[in-house]
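Please consult the sequence and the model shown below.

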Amino acid sequence: MKILPSISIMLLSALTLNAACKENRQQNISNTPTEMTDNQTTAVTAEENEVTVTCIRDNKKERIMPLSLFGNIPQSLIDSLGISNGIPASVNAILVKTGDTTILFDTGFGNPDSQLPTALNNKPEDVKYIYLTHFHGDHIGGMMKGDKPAFPNAEVYASREEYEGWMKMPEKDKAQVVKTMKAYEKHLHLFEFGDTLPGNVIALDGRGHTPGHTIYNVNNEVLIAGDIMHGMALQLPHPEYCASYDMDKENAIKTRKRFIKYAKEKKIDIAGMHIPLPGIISFK
């Protein structure tokens, strides 16, 4: 998969690149975070065959994950990985065009400084599909604008296990989820793991981080991997480390190991919601 430098995008025009400029602007995806300025509306677009991926950094300012989130890490490992000051991260929403279908994966926090509306050219009504990796606030927060849906025309897809898992939680823990799912109830589609969704997207079992955390395989070109990693610099070489956010750490570790191995063997890229821009790890 190839990557283009960060740009300010419109919902549809960002998905159709000028062929005359493409050859001069493309470069291989790097696992090294791209340095961004705080005031940029940031998006990174990558292409492969029929799939176009745009990673949008929702957070306006730099985001660093403190090492304390990952438990007891030996100092020798911290030093060898160069993460003594914390681990660079992000809060990404991911826009995918596959064939004739355009899908927004997750929606960020929805904070006042969110970069997502600007990246979508402030036309949320143009979003037809939202696929959710899970129901944490930094993934569903942008779905609401006050008490109303921010994406009034979107069909929303989420795993049945995620939905049912959250509905069993205490009221104080699920209040945002209940409000959001209620707002979209006429457009909410619950799927089972293994189902094929519009756009030739297969929903895969990514449980561990949350009860029904989902990883999406887009046309065997890229895995939209949600919160498979919160600190890429640590967890990519050492997937045995969990962030405190993982609800079921044992299964989160198994999921992380399984999909990193899968991506390497199948030579398929991983796009993640907390991977610093460019937001994609290439195994091709």
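**Backbone, voids and helix packing**

Pro278 lies in the loop between strand 18 (269–271) and strand 19 (280–281); helices (H or I, at least four residues) and strands (E, at least two) are DSSP runs numbered from the N terminus. The model is predicted, with local features requiring pLDDT of at least 70 and side-chain atom pairs pLDDT 80 or more, whereas totals for chains, interfaces and linings use all residues. Residues are numbered from 1 along each chain as its sequence is written, and side-chain values use heavy atoms, with hydrogens and water left out.

**Backbone geometry**

- The peptide bond joining Leu277 and Pro278 is cis, with omega about 20°.
- Asp106 has a positive phi of about 65°, although Asp106 is not a glycine.
- Asp106 is placed in the loop between strand 8 (101–105) and helix 3.

**Largest pocket**

- The largest pocket has a volume of about 330 Å³.
- Pockets and cavities are found on a 1 Å grid over the protein atoms alone: a cavity is a set of points where a 1.4 Å probe fits but cannot get out, a pocket is an open set with protein on both sides within 12 Å along at least five of seven lines, and lining residues have an atom within 4 Å of a point.
- Grid points are joined across faces, edges and corners, and a volume is the space filled by probe spheres set on the points.
- Of the 19 residues lining the largest pocket, Pro117, Gly142, Met144, Lys145 and Ala150 are the closest to its centre.
- Helix 3 (116–119), strand 10 (144–145) and strand 11 (148–149) are the elements that give two or more residues to this lining.
- By class, the pocket lining has nine nonpolar, six polar and four charged residues; Ala, Val, Leu, Ile, Met, Phe, Trp, Tyr, Cys and Pro count as nonpolar, Asp, Glu, Lys and Arg as charged, and the others, Gly among them, as polar.

**Cavity**

- The structure holds one cavity of 30 Å³ or more.
- The largest cavity has a volume of about 50 Å³, and its lining residues include Arg207, His209, His213, Asp227 and Arg256.
- The lining of the largest cavity has two nonpolar, five polar and four charged residues.

**Helix packing**

- The axes of helix 5 (residues 160–167) and helix 6 (residues 171–183) come within 9 Å and cross at roughly 130°; axes are lines fitted to C-alpha atoms, for helices over the stretch in contact, and angles run from 0 to 180 degrees between N-to-C directions.
- The contact (heavy atoms within 4.5 Å) is made by Tyr163, Trp166 and Met167 of helix 5 and Asp173, Lys174, Val177, Val178 and Met181 of helix 6.
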